[in-house]
Structure formats: C-alpha cells, structure tokens
Amino acid sequence: MIANIEMFFDFKNSKEYISSYSSEKVDDNKIRIKTTYPKKQELGNFLLDFMNTEFNDHIDFTIFVKDYLFIHLLSLYDNTIVGDMNNYSVVLNREYLQDFIDWIYDELSLDFSMLKIRLEQVFTNSYYKNILNVTDILDKDYDMIEELAEKENNYSAINTLLEENNTLFINYNLNTFFLNNMPENLSANYTFSSDSVESFLYCIVKELISNIKNIKFECCKNCNYWFIHTKNKEQQYCNDLYTDTKTCFEIAKEERDKKNEKDDIYLQKCRKRYKNLHKQVSIGASEKVERLFERYKEQMPKYIEQYKSGLISGEELMDWLECMKVCTTIKRKQ
Ligand SMILES: [Zn+2]
C-alpha cells in the first residue's frame with residue numbers, strides 16, 4: 001500500500017502541518033524510521049521547498065526527500081515495507097537505503113523536474129500558452145487550447161490540472177493525524193492527503209489561492225528562488241537573507257540607488273566639479289583653490305546626502321555648487 005502525504009492547513013495562524021517521520025540509529029548498519037508528530041511550518045513552505053529544489057541534483061533531491069517524502073516514496077519503492085500507515089516503524093539497513101535513494105533519483109528526478117516546470121507555468125499564467133506553442137493548428141484540440149490560452153490569468157490552469165489529477169482524500173479524523181495531541185485553535189477540521197505528489201501539490205496551490213487574498217507566487221530576480229507574497233504590486237525580489245546581513249530586496253535597492261546616482265545629472269555635476277578641483281590641486285593650484293577644495297570635500301557629503309534624501313532639490317544643490325566655483329575676475333585695464 002502507498003503511504004499518503006498528508007497536510008493540514010491552518011489559514012488562521014498561517015501555518016501548515018505535514019505528515020512526518022523520525023529516524024534513529026539502531027546500530028552501525030541499521031536505522032529505524034517511525035511515525036512522528038506532523039511537522040509544523042509557515043504556510044506554503046512545502047510548496048516553496050519543492051519549487052526551490054533542483055531535482056537533477058542528487059544531493060538537493062535527497063534533502064527534499066528526507067525532509068518530506070521519505071515514507072511516501074519508500075512505500076512506492078516497496079509496497080510491503082510499511083505495514084500500519086498510521087503507526088509504522090521500519091528498520092532499514094545501509095545497503096537497502098542506498099539502493100532506495102538511487103532508485104528515487106533514477107525514477108523520479110525527471111518527473112519532478114517536469115512537474116516543477118508545469119507549476120512554474122501556472123504561476124506565470126503561461127501554461128496553456130506553452131501548450132499552444134507546440135500544438136499543430138490542425139490538431140482537433142487547437143481551438144480549445146487557444147481559447148484557454150486567451151483566458152489564462154490568475155492561475156486558471158490549476159483548476160483544470162487538479163480535476164485531471166485528482167487523487168485527493170479528505171480526512172476528518174484529526175486526532176489520528178495529530179497523534180492524539182491536537183494543537184489548540186485550529187482553523188479547520190480536516191486534512192488533505194494524496195498518494196501522488198502531483199495531486200498533493202496541485203491541491204496545495206488551489207488551497208492557497210482560494211484562501212489567501214491577493215496571493216502571488218514569484219521567482220526572485222536575484223537568488224532565483226520562488227517566494228509568496230500578498231502585496232498588490234509585483235515583487236521582483238524576495239525578503240530572504242542573501243548575504244549574512246542583507247536580503248535580496250535590500251541588495252536590489254542598493255543597486256538601484258547606485259544606478260540612479262550614476263544617471264543623476266545633478267550628482268554627475270558634483271562629481272565632475274570634485275574631479276576638476278582635485279586635478280587643479282594636484283598640479284599645483286593657488287592657495288585659493290586649495291582652500292576651496294578643502295571646503296568642497298567638507299561640504300559635499302552633507303549636501304549630497306540632503307539631496308538624496310529629498311531635503312533639498314536638484315536646483316538647490318546646483319546653487320551650492322555655484323558657490324564652489326573659483327571666481328576669477330579679470331580686471332580690465334582702463
Ligand atoms: Zn531572493
């Protein structure tokens with residue numbers, strides 16, 4: 001029998017609980033896998049972890065399986081190994097485990113990669129458009145696909161995909177899922193489960209779309225990871241840490257500021273004046289110029305900061321710059 005993957009959505013508290021297992025070492029050659037309390041995490045994490053896994057990378061794929069799908073895939077690999085689905089405890093030896101992990105990679109890496117691509121197409125509302133691109137105009141389904149492609153927006157593909165792949169079950173026995181230790185204040189009284197990762201993912205997307213107003217799935221332009229947000233405007237960068245201290249969003253903002261600065265005509269003029277004065281001083285200008293350069297170096301950061309934060313306008317910055325000129329008045333001979 002195939003072990004289902006099971007999920008409880010707690011929309012009120014923005015959490016999800018997913019069926020889970022624990023592993024412990026029996027001896028140097030064996031580990032025991034057994035049922036454990038469902039894993040609680042931020043809503044949407046399972047989906048995002050799936051979207052952010054490289055399934056053609058052996059290690060990345062194995063991490064995802066260990067986090068979420070171990071028992072489900074083990075029961076696919078060997079349908080006699082897990083007896084009682086609700087309260088299993090199996091002992092595996094190292095060799096068996098290695099064969100199983102290799103089998104997962106060989107059998108499923110392509111399927112999961114394809115599934116990821118289909119979900120990407122749903123999130124970018126290009127699922128039917130992509131099918132249309134590879135459909136012959138004489139194909140009997142061409143008109144239907146064309147119509148779907150035209151109407152494609154707001155993740156419309158997911159509804160059909162879920163219908164086509166529906167092997168979902170609804171379970172009202174929360175006590176079994178939560179091992180007789182139910183959290184308080186849950187916002188629903190059922191879980192969803194499936195014996196197919198595909199149906200399970202489509203169900204998650206459908207549930208998130210139906211229950212979270214304004215939800216959007218986007219791929220960060222900096223780190224390339226998928227993220228979820230509910231802002232009105234499109235978000236190009238995620239709020240996850242990219243370096244030790246900065247998120248992708250902060251990095252992108254800094255880059256944008258730098259670029260704006262490069263293009264800003266007023267700041268360009270300030271920089272030009274600086275270079276100019278520096279050049280004059282370095283080739284031995286008069287004391288007057290040297291004094292002016294010192295004053296310029298002292299005042300420039302303050303004025304530029306005020307300009308960048310909008311306290312003074314570009315015109316006002318230019319007024320200041322005008323005072324930073326060497327006034328050479330040539331007295332005409334009378
Ligand atoms: Zn990012």
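In which hand does α10 pass α11? I looked this up and found a left-handed crossing of α10 and α11. By convention, left-handed has the near helix turned anticlockwise from the far one by less than a right angle, and right-handed has it turned clockwise.

Conventions. I number residues from 1 along each chain as its sequence is written. The model is predicted, with local features needing pLDDT of at least 70 and side-chain atom pairs counting only at pLDDT 80 or more, while totals for chains, interfaces and linings use all residues. Helices (H or I, at least four residues) and strands (E, at least two) are DSSP runs numbered from the N terminus.

Entry, α10 and α11. I find that the axes of α10 and helix α11 (residues 287–308) come within 10 Å and cross at roughly 160°. Axes are lines fitted to C-alpha atoms, for helices over the stretch in contact, with angles from 0 to 180 degrees between N-to-C directions. The two helices α10 and α11 are therefore roughly antiparallel (over 145 degrees; under 35 is roughly parallel, 65 to 115 roughly perpendicular, the rest oblique). On the α10 side I list contact residues including Y266, C270 and Y274, and on the α11 side F293, Y296 and M300 are among them. Contact requires C-beta atoms, placed from the backbone, within 7 Å. The contact of α10 with α11 divides into 13 nonpolar, two polar and one charged. Here Ala, Val, Leu, Ile, Met, Phe, Trp, Tyr, Cys and Pro count as nonpolar, Asp, Glu, Lys and Arg as charged, and the others, Gly among them, as polar.

Entry, α10 and α12. I then took helix α10 (residues 265–282) against helix α12 (residues 314–323): the angle is about 15° and the axes are 10 Å apart. I therefore record α10 and α12 as roughly parallel. Their crossing is left-handed. Y266, K269, C270 and R273 of α10 meet G314, L317, M318 and L321 of α12. By class, I note five nonpolar, one polar and two charged residues in the contact of α10 with α12.

Entry, phi angles. Most residues other than glycine have a negative phi. I looked up Y155, which has a positive phi near 55° and lies in the loop between α5 (142–150) and α6 (157–164). Y155 counts as buried because it has 21 C-beta neighbours inside 10 Å (buried is 20 or more, exposed 12 or fewer, partly exposed in between, with C-beta atoms placed from the backbone). L179 has a positive phi near 50° and sits in the loop between α7 (174–177) and β6 (191–194). With 13 C-beta neighbours inside 10 Å, L179 counts as partly exposed.

Terms used
Contact = placed C-beta atoms within 7 Å.
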